[in-house]
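Please examine the sequence and the structure shown below.

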Amino acid sequence: MKNHRTTQRIAAAAAGLAVATVGALAATAGTATAADGDEAGVDLSVSIEDNTPGALTLSVAPNDGVVLAEEGSDAEARQFLGTLPTVTVADTRDAEDVPEGSYWAVVGQASEFTAEGRDPIGPEYLGWAPRLLTPSPSGDVAAGEPVSSVLPDGSGGAAVGLEGQELLLSTWAAGSEAGPWDVTADLTLRTPADVAPGDYSSVLTLSLFEG
């Protein structure tokens, strides 16, 4: 009888251990399934303000170059006209960051008109008449005065051409207006009447200066 009871106790203990083990495994499996199945998302957002320092800049409207077309020629000169693409000056600096009494100016200067096998046409034969496209309420920003070819075109502009740096746009009170400002210029090339035919080309360089 003693051995029979001992056998029963060992069998019962073994059965209990098996149930406990199965229960533990079931609990573990249930926990893993719940963790894998539950998901939650949190939307995030942030507002980042522009802190790029302001600057004084010059830009030219996209273009394929200016083709000067003959118009108004006479016995004294061949005349060719065109229009400068819109030039924009922007000043995004805070007014307090602009030194008192400072100014800026845009000037233009042309190179020789050259054509293969032909004598060049000097830049003094090219003139312009600047036009401010953006009104200046204070009048502090203004277009430059007309500059005529050395062969006068009747505009009354100084007959020096664009051989040197000539004024397109300027202000003597930088920071007084917010801008931006747009400016263009009517271009006039007047050459001697006996100029050699050919496809001539030149470069008009615009520069922004600040002082």
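Helices (H or I, at least four residues) and strands (E, at least two) are DSSP runs, numbered from the N terminus. By this rule, Val60 belongs to strand 1, which covers residues 56-60. The model is a predicted one, in which local features need pLDDT of at least 70 and side-chain atom pairs count only at pLDDT 80 or more, while totals for chains, interfaces and linings use all residues. Residues are numbered from 1 along each chain as its sequence is written, and side-chain values use heavy atoms, with hydrogens and water left out.

**Overall layout**
- A contact means heavy atoms within 4.5 Å; among contacts between residues at least 6 apart in sequence, 78% join residues at least 24 apart.
- Buried means under 20% relative accessible area, exposed over 50%, and partly exposed in between (1.4 Å probe, protein chains only); 27% of the 211 residues count as buried.

**Confidence**
- The predictor's confidence in each residue, pLDDT, runs from 0 to 100; the protein averages 84, and 83% of the residues score at least 70.
- Over residues 1-30 pLDDT stays under 50, and the model has zero contacts beyond four places in sequence for them.
- Where pLDDT is low, the predicted coordinates should not be read in detail.

**Nonpolar core**
- A nonpolar core is a set of buried Ala, Val, Leu, Ile, Met, Phe, Trp, Tyr and Cys residues joined through side-chain atoms within 4.5 Å.
- The largest such core has 26 residues, and Val89, Trp104, Leu126, Trp128, Leu168, Leu169 and Leu189 have the most contacts inside it.
- Strand 11 gives the most to this core, with five residues.
- Leu189 touches residues including Leu68, Phe113, Ile121 and Leu126, not counting residues up to four places away in sequence.

- Val87 is found in strand 4 and counts as buried because its relative accessibility is 0%.
- Beyond four places in sequence, the residues that Val87 touches include Leu58, Val60, Leu168 and Leu206.
- The C-alpha atoms of Val87 and Leu169 are separated by 9.4 Å, although these residues are 82 apart along the chain.
- Val60 has a relative accessible area of 42% and is therefore partly exposed.
- Val60 touches Pro85, Thr86, Val87 and Leu206, again leaving out residues up to four places away in sequence.
- Ala75 lies in the loop between strand 2 and strand 3, and Ala75 is exposed because its relative accessible area is 75%.
- From C-alpha to C-alpha, Ala75 and Pro192 are 9.2 Å apart in space, and they are 117 residues apart in sequence.
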